[in-house]
Each structure stands twice: as C-alpha cells, then as structure tokens.
Amino acid sequence: MKVVIIGAGPSGLVTAKSLLENADANFPFDPIILEQEHDIGGTFRYRTYENASLVSSKQLTSFSDFRLPLSHPDHLTTEAYVYYLRAYIDHFNLNDRIHLNTKVINVARQPEGGHVVSYVTRDSKDSEWGSEVATIHAPYIAVCTGLHVVPWIPSVPGIEHVVAANGHIENPVFHSFEYKKRAQLKGKRIMILGTGETGTDIAYEAAKAGAKEVVLCSRAGFLSFPKQLNDFEVFGYKSDKGPGIPLDSLITNLAESAYVHPWVEGSHIRWFISDFVIKRLIWVLTGTQAGCNQWVGELEPERLGRAYVFLNKSQKAMPYINRPYRNRPKFLDYIARYIDPPEDSSPQTDFAVDLAPFPTHFLPNGRAVFAPSKRKDYIRMKDRDVRPELVIYATGYKQEFGFLDKESGYPTPDEANVRNVVKEGDESVGFIGFVRPGVGAIPPIAEMQSFFWISLLKGKVRQPMPPPRYHLLVKETARIKYGVDHSTYMSTLAKDIGAAPGLWELWREYGTHVLICYCFGAAFTTFYRLVGPYKSAIAPEIIKTELWDTILRRGFLGNLIMGVIPMVFYLSLNAIAFSLGIAWTMVGGRVE
C-alpha cells in the first residue's frame, strides 16, 4: 500500500517512520519520500544561516522515542538538528525510502481511485533536471513540504530606488532566506523588514558584524520572550547559576490541557488568565509589560498575549533594541531586573538597533518614509534620514502547491478542516506540519499529526470529534491563520486517537513518579505514548529521566508558581464547569 511523502524535512521523516511502525495486514503501508533537494532537513538545512539555533528546546522538539542525551545543550544549532535528523534516519532504517534530487511536478487523481505522482530527477544538486517523467501510483499522499519554503515579499513602492542608489553593492535587496553570513552585513547601513525571530536574529548579527546602522522595521509590533529563563536577579540573587529553564517546558498539563471541561476550553479563559498573570509578573521582574524585558515594539493591547500571536523567542537583539528606550529607576532594578549579557551591554558596546515602523515607500534618493503614528519608535525616527544600503525582507513565507493538479480538485492546508490535517471526505491526502504553535515546535506536532492521520485512515478516531478550540485568536483579515496553541492542539489530537492517558490509568500502570511528571510536565509527545495505539515501551524511562529533569529544574518556587497554583485554580474552574454542565444536561441541554 504505497504512500508517497513529498518532502524530507522533519515532518516527512517522522511520517514515514510512523507509517512503517503502524503497518499491519489491513494497512500494509509502504512509504516512499520524494525530496527535490540534494539532502534531507528542509528549512533547517536550506533556509538557515551562521549562528542560527532552534528557539524550541530539545525536550520538546525531539521526536517521542529518539531523544538527545541529558548532557546535550537545551537548544540545538540548526546544523546540530540536521545531524539529529540524519541519526533518526539511520536509527529507524529510513535511508532506502528517501529519494533525493527528485522533484514532484504533478499529483493527479486516478479515475479508479488513488493518485498518480509524476516526478523528474537529476544526478546532483548542480545538474539540470531530467526531461524523462516517471510516475508512481499510490492510494495515499502525505504533503510535508513545510510552511517556510516560498518567500513572501510584500510590495514596498520605491524599493527600486534603493537598488539604484546602491549600485556598488551586489544584491542590495533580498529576502532573509538568502542571508547566510555576518560578512554580508559588515560595514553597511541595513534595514530589516520584519520583527519575527529571523528579523531580530539578523538585527543581532548585524550589530555584532559591525554594521554602520541597523534599522529594524515592524508593522504592528511583536511579543518578545527569552527561549530560556535564566537571567533574572531578585534582591541581588541571580538565577543564572544553573542551566536555566526552557520556556516551552513551563506550561503544565493537568487542568490546562488535560482534564479541561469543554466550556472552559471553548472560552479560552485559561489563555486570558495566563496572559493577565504573566504581564504583571514580567512587569515586576523587568519593568515592562510589552514583553519580557521589551521596552519598545509593543503590540496593541487587544493582541498582547500568547492567545493571539507567535512569541518571538529570539531575544539576543533586545539589549540593542531597548537601549534608546529603557528608563527605570535604579531602586526598582535592585528589587528585580533582567540581566543582559555583558558583551551586549555598556561599556562593552553602546550600539543601538533602531526600531521603526514599516516604510510606506522610498523616495527617489533612497530615503525611507514612515507613516505618522503615536508609536514610540515613529516619534524617535520621524526626522531621521534613513537611506539603507541593504534591505532584507524578513517577512516570512507563503505556501504554494503548484504540483497539485488543479483539475483534480485537491485541497490545500488552509482547507484541511479535520484537525488541520485533511479535508473532510478527502482523507487520502494528508497535510503534515502545516500548523505553527504560538509557543512550541512543529516537529513534535507533525509526529502527533502523523498518528492522527494513520488512525483516521484506519477508522479509529473518536466520532463525533468535538469542534476545534486550539487556534490562536486572529482576525478574519489576518494573512496567517495557521497558528495553534501547542498544548491544546497536542492534547486534542491525543484524545481523538485514544492516546491521552487518564490519571488513574497512569498511576495503576506506571506509579506515582510518571503520574506527577505527566501532571506537572508540558505537552511532550512522549506522554501520549504511554497508552493507546502508539504505546511505546521506552516512554516511561524517558519521562522518569529527561522530562522529570525539566520539572526539577524549576525548583520549589517555580513549581509552586507555575504548577501547583495554576493547577488548583484551573481544577476549581473546571469543577464548577463540570457541575454546571451536569445541571444543564438535566434540563435537556448539551455540553459540547
């Protein structure tokens, strides 16, 4: 039963492995991966740059049954992550299933059922594509090409004037996927369009490279948090003595993603309360509510929180961005403060990255024009003569699926209305890896999606499925609508496939240690391999060592603030909702 997987990034690899492990007499899955590049890894291999690292932790990002050593740093470089993927391929014997330098040019439906995949090949990355078209017939297709492939370059009137004014510079305007090394930035006046993680990363690299000027442009602001909590000082006590706590390991399971009443889940009240508390906490610790140690670039109040946006966890540039704006009494800094790295602080450096609004246009002399507003960055920059020598679009990516035959009526990921994996009635085509978490990582989500798709094909998904309550809250006019809350989405998929463990079930089979770890831990995929159709024999040991370590590293106070108090509060809230739900059903209502 052939399954053609398009793309050899993390999503494609884990989908192939999941299909192989769950093949049986009724569903003898035989996956094959077609990848147009000359190597595996996708974005982590081909759209990365010098000094880039993952902003999600190894604990969350690693696949459920193939882990990194406890001694390994929490956050991998992109190069190290590609090595991890190669080791994953070797460990699960996937090499023979991967066909590199193989470009899918068309996928069409067969009248009798199934799909025909047409592709061309080349001998190496420097060769031309062959003219001979080969085909594969398959009942199932897994599209795993990824979210970050085709650059999105918005129109900025007058950008050609920047090119004309800087004829002495090779390629003065380009998208961030073309950025590779600091040497591209040295000694230049640079404008970066976009304040996502890549944009702020490049701003930092430009500052370290010795750029003359760095202007970082934001449309509507951003929400900055460090990927690792380790740099606070409270009443002179520094928290930087240990390895730190990965941000994505802090959200606990019990009553936040597990054992949540449908009414509580549907109201998103957990997200709002969490945002309310976190804003006040970071104000006490850093002096600002805009983000963690973020003094400019704040979002509008109605979008300020993890319920609405992707957190920017690339915080290296913040000392440079904050420099013109940070103004806090010293006595408050003594009570609590965020500690910037010494090498990015005065007196070692006084360089500033200038935050600015997105330019409306460029004048014929190459000067940027910014739209008037009340924003702090506009007020500071409105009279500045900004004429960049280099403009870098860090504006993200768009999704294109030109290989899907238009006459066949294939859906695209935005039309996948069954858990963002398939379109209802068209389950033979799965889209794996096409959601992005506000805080979290795509690879573990892709693993859970592969489990869900397999269960769906086998007819073993709970029916009826409850409505989705995991999407980030965005406007209908938003360009990006594929954002999800990591914990809620993972838990939803686990419940759909019968992999969400019950507390009594956990205690009876695995004991108190695993039970406590599950309650206090984040939504790690390994938790959803303790029970159900994808149960793994090595899951308990991973939980009792690596995942238990994430809880121990919080310390007593951290587990009290981030664990016990939220659990008690949310359990009480869910208990009230449960009681009201019983009363509602007694008078003929339905709880959905």
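This is a predicted model: local features need pLDDT of at least 70, side-chain atom pairs count only at pLDDT 80 or more; totals for chains, interfaces and linings use all residues.
Is Arg529 buried or exposed?

1. **Arg529.** Arg529 is buried, and its relative accessible area is 6%; the cut-off for that label is under 20%. You will find Arg529 in the loop that runs between helix H15 (512–520) and helix H16 (539–552). If neighbours within four places in sequence are set aside, the residues in contact with Arg529 include Glu21, Asp65 and Glu447. Lys17, Ser64 and Phe451 are also among the contacts of Arg529, as are Tyr534, Lys535, Ser536 and Ala539.

2. **The largest nonpolar core.** In soluble globular proteins, nonpolar side chains tend to be buried together. Here the largest nonpolar core has 77 residues, and the members that touch the most others are Trp453 and Leu530. Helix H12 (residues 442–457) gives this core its largest share, nine residues.

3. Ser428 sits in the loop between strand E21 (397–398) and strand E22 (429–431). With a relative accessible area of 18%, Ser428 is buried, since the limit is under 20%. Beyond its neighbours within four places in sequence, Ser428 is in contact with Trp453 and also with His115, Pro139, Tyr140 and Ile141.

4. **H12 against H13.** Two packed helices are described by the angle between their axes and the distance between the axes. For H12 and helix H13 (residues 486–496), the angle is about 20 degrees and the axes are 9 Å apart. The two helices H12 and H13 are therefore roughly parallel to each other, as an angle under 35 degrees counts that way. The crossing of H12 with H13 is left-handed. On the H12 side, the contact is made by Pro444, Ile445, Met448, Gln449 and Phe452, while H13 brings His486, Tyr489, Met490, Leu493, Ala494 and Asp496. Sorted by class, this contact of H12 with H13 has eight nonpolar, two polar and one charged residues.

5. **H8 against H17.** How are helix H8 (residues 269–286) and helix H17 (residues 555–586) packed? Their angle is about 150 degrees and their axes are 12 Å apart. That makes H8 roughly antiparallel to H17, because the label applies to angles over 145 degrees. H8 and H17 cross in a right-handed sense. From H8, the residues Ile269, Arg270, Ile273 and Ser274 meet Phe569, Tyr570 and Leu573 of H17. By class, the contact of H8 with H17 has five nonpolar, one polar and one charged residues.

6. **Gly563 in H17.** Staying with helix H17, Gly563 is found there. Gly563 is buried, with a relative accessible area of 0%. Which residues does Gly563 contact, leaving aside its neighbours within four places in sequence? They are Thr252, Phe520 and Gly558. Along the chain, Gly563 and Leu254 are 309 residues apart, yet their C-alpha atoms are separated by 8.9 Å.

7. **Two cis peptide bonds.** Please look at the bond from Ser346 to Pro347, which is cis with omega near 10 degrees. Pro347 belongs to the loop between strand E16 (336–338) and strand E17 (354–357). Gln463 and Pro464 are also joined by a cis peptide bond, with omega about -5 degrees. Pro464 lies in the loop between H12 and strand E24 (483–484).

8. **Two asparagines with positive phi.** Asn101 is not a glycine, but its phi is positive, at about 50 degrees. The loop between strand E3 (98–99) and strand E4 (102–109) holds Asn101, and Asn101 is buried, with a relative accessible area of 9%. Asn171 also has a positive phi, near 55 degrees. Asn171 is placed in the loop between helix H5 (159–165) and strand E9 (173–175). With a relative accessibility of 35%, Asn171 counts as partly exposed.

How values were computed
Residues are numbered from 1 along each chain as its sequence is written. Side-chain values use heavy atoms; hydrogens and water are left out. A nonpolar core is a set of buried Ala, Val, Leu, Ile, Met, Phe, Trp, Tyr and Cys residues joined through side-chain atoms within 4.5 Å. Buried means under 20% relative accessible area, exposed over 50%, partly exposed in between (1.4 Å probe, protein chains only). Helices (H or I, at least four residues) and strands (E, at least two) are DSSP runs, numbered from the N terminus. Axes are lines fitted to C-alpha atoms, for helices over the stretch in contact, and angles run from 0 to 180 degrees between N-to-C directions. Angles under 35 degrees count as roughly parallel, over 145 as roughly antiparallel, 65 to 115 as roughly perpendicular and the rest as oblique. A crossing is left-handed if the near helix is turned anticlockwise from the far one by less than a right angle, and right-handed if clockwise. Contact means heavy atoms within 4.5 Å. Ala, Val, Leu, Ile, Met, Phe, Trp, Tyr, Cys and Pro count as nonpolar, Asp, Glu, Lys and Arg as charged, and the others, Gly among them, as polar.
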